[in-house]
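Student: I have a structure to go through. Can we take it step by step, starting from the side chains?

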Amino acid sequence: MTPITRLLAALLAAVLTAALACGPVATPARADGTTPTDPDPLRGLLLPPVDAVIGLLAPFPVPASPYTGEVCVSGADACIDDVIVRMEDRLDGLVAECSHSAVFSLAYLRVTENVRDAVRSGHFADRAWLNRVDAVFAELYFDTTGAWEAGRRTGVPQAWRIALQAEDDRTMSGLGNFLLAMNAHINHDFPHALAAVGLTGPEGSHKADHDRYNSRLDSLYAPVFAEEARRFDPTFDDLDAGTAEEAVAGVIMRGWREMVWRHAEALALAKDPFTRALVQREIDVYAALQAQLIRAGFGADPTARDAWCAEHGRDD
């Protein structure tokens with residue numbers, strides 16, 4: 001790690017631990033003066049302190065710069081609509097083969113649909129920025145999976161190599177495939193997408209909009225896991241710890257997304273190609289190490305899973 005991100009990682013681990021140890025904190029009021037309540041008591045206990053701490057982690061002052069990419073230049077709502085159409089087409093093909101890649105493809109589609117709904121409900125301060133981030137982020141996924149499936153393996157990041165090879169080998173549980181691809185796309189790709197789109201706009205840092213999506217993700221874990229189990233792998237949601245797994249997923253995802261932002265800042269603040277290469281290497285290693293841990297912990301025989309998918313995979 002570079003000195004900055006090493007410090008940030010240590011700080012993040014410390015403050016998240018402190019937040020969990022401190023217990024509940026006051027939940028911010030809505031604009032109408034009422035206080036939102038979480039119907040899940042465990043999630044309501046764990047996540048507000050983490051959110052409060054993340055809210056205190058100010059963004060680094062990254063200078064604003066114009067977006068120079070070719071994806072979603074307009075920032076229009078149609079950008080996400082186009083991404084969803086491509087995701088649906090990809091998922092249909094994977095489901096027809098009962099490919100183990102279908103697990104993450106389905107989850108990513110459901111998240112993108114949720115982002116679309118959040119953008120259009122006014123959940124974010126900068127609608128165009130979120131549309132562009134979503135499209136650029138997805139383009140990295142399409143580029144990497146497309147290259148892999150075409151046999152162009154050179155240049156595929158190590159975290160993605162581990163995830164995609166595991167899907168091809170059909171030696172992981174559905175949950176394992178999900179975690180491997182999610183790690184690769186979030187921890188490796190997301191910092192690059194954010195740095196490319198830009199972390200700062202005319203009104204200041206976009207960090208608040210980045211953090212604002214954390215609470216939306218919390219509502220997705222249970223329904224997405226249930227759909228994965230219903231269609232692709234009946235063991236997907238077998239970890240039955242009540243609502244504990246959803247609360248823990250919320251904590252982990254907040255930690256990952258905070259580190260994503262810090263890595264994006266390091267990319268944006270790199271002053272020369274050598275420094276940028278060091279940051280890119282750090283991101284590669286960070287994601288690959290987590291992939292190796294996941295790969296070691298979620299091996300499974302595919303026989304029952306594949307038979308289940310053959311019968312239920314198209315039950316959408």
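**Aromatic contacts and a charged patch**

Tutor: Y141 is buried, with a relative accessible area of 2%. Keep in mind that this is a predicted model.

Student: Is W160 buried or exposed?

Tutor: The relative accessible area of W160 is 1%. Buried means under 20%. So W160 counts as buried.

Student: How many aromatic pairs does the structure hold, and how do the rings of F137 and F190 pair?

Tutor: The structure holds 12 aromatic pairs. For F137 and F190, the ring centres are 4.3 Å apart and the planes are at 15 degrees. Planes under 30 degrees apart count as stacked. So the pair F137 and F190 is stacked.

Student: How far apart in sequence are the parts that F137 and F190 tie together?

Tutor: F137 lies in helix α5 and F190 in helix α7. Both residues are buried. The pair therefore ties together parts separated in sequence by 53 residues.

Student: Which helices hold Y141 and W160?

Tutor: These two rings form a tilted aromatic pair, 6.2 Å centre to centre with 45 degrees between the planes. The pair ties together parts that are 19 residues apart in sequence, because Y141 lies in helix α5 and W160 in helix α6.

Student: Which residues do ring pairs link into a cluster?

Tutor: Y141 and W160 form an aromatic pair. Ring pairs link a cluster of F104, Y108, F137, Y141, F142, W160 and F190.

Student: Which helix gives the largest share of the negative patch?

Tutor: The patch is formed by E88, D89, D92, E311, D315 and D316. D89 is exposed, at 53% relative accessible area. The largest share, 3 residues, comes from helix α3.

Note on methods: Residues are numbered from 1 along each chain as its sequence is written. This is a predicted model: local features need pLDDT of at least 70, side-chain atom pairs count only at pLDDT 80 or more; totals for chains, interfaces and linings use all residues. Side-chain values use heavy atoms; hydrogens and water are left out. Patches are made of residues with over 30% relative accessible area and no salt bridge: like charges are joined within 9 Å, nonpolar side chains (Val, Leu, Ile, Met, Phe, Trp, Tyr) within 5 Å. Accessible areas come from the Shrake-Rupley method with a 1.4 Å probe; for residues, only the protein chains shown count as cover. A salt bridge is a side-chain nitrogen of Lys or Arg within 4 Å of a carboxyl oxygen of Asp or Glu. Lys and Arg count as positive and Asp and Glu as negative; His and the chain ends are not counted. The place of a charge is taken as NZ of Lys, CZ of Arg, CG of Asp or CD of Glu. Helices (H or I, at least four residues) and strands (E, at least two) are DSSP runs, numbered from the N terminus. Buried means under 20% relative accessible area, exposed over 50%, partly exposed in between (1.4 Å probe, protein chains only). Rings of Phe, Tyr and Trp (its six-membered ring) pair if their centres lie within 6.5 Å; planes under 30 degrees apart count as stacked, over 60 as edge-to-face and the rest as tilted.
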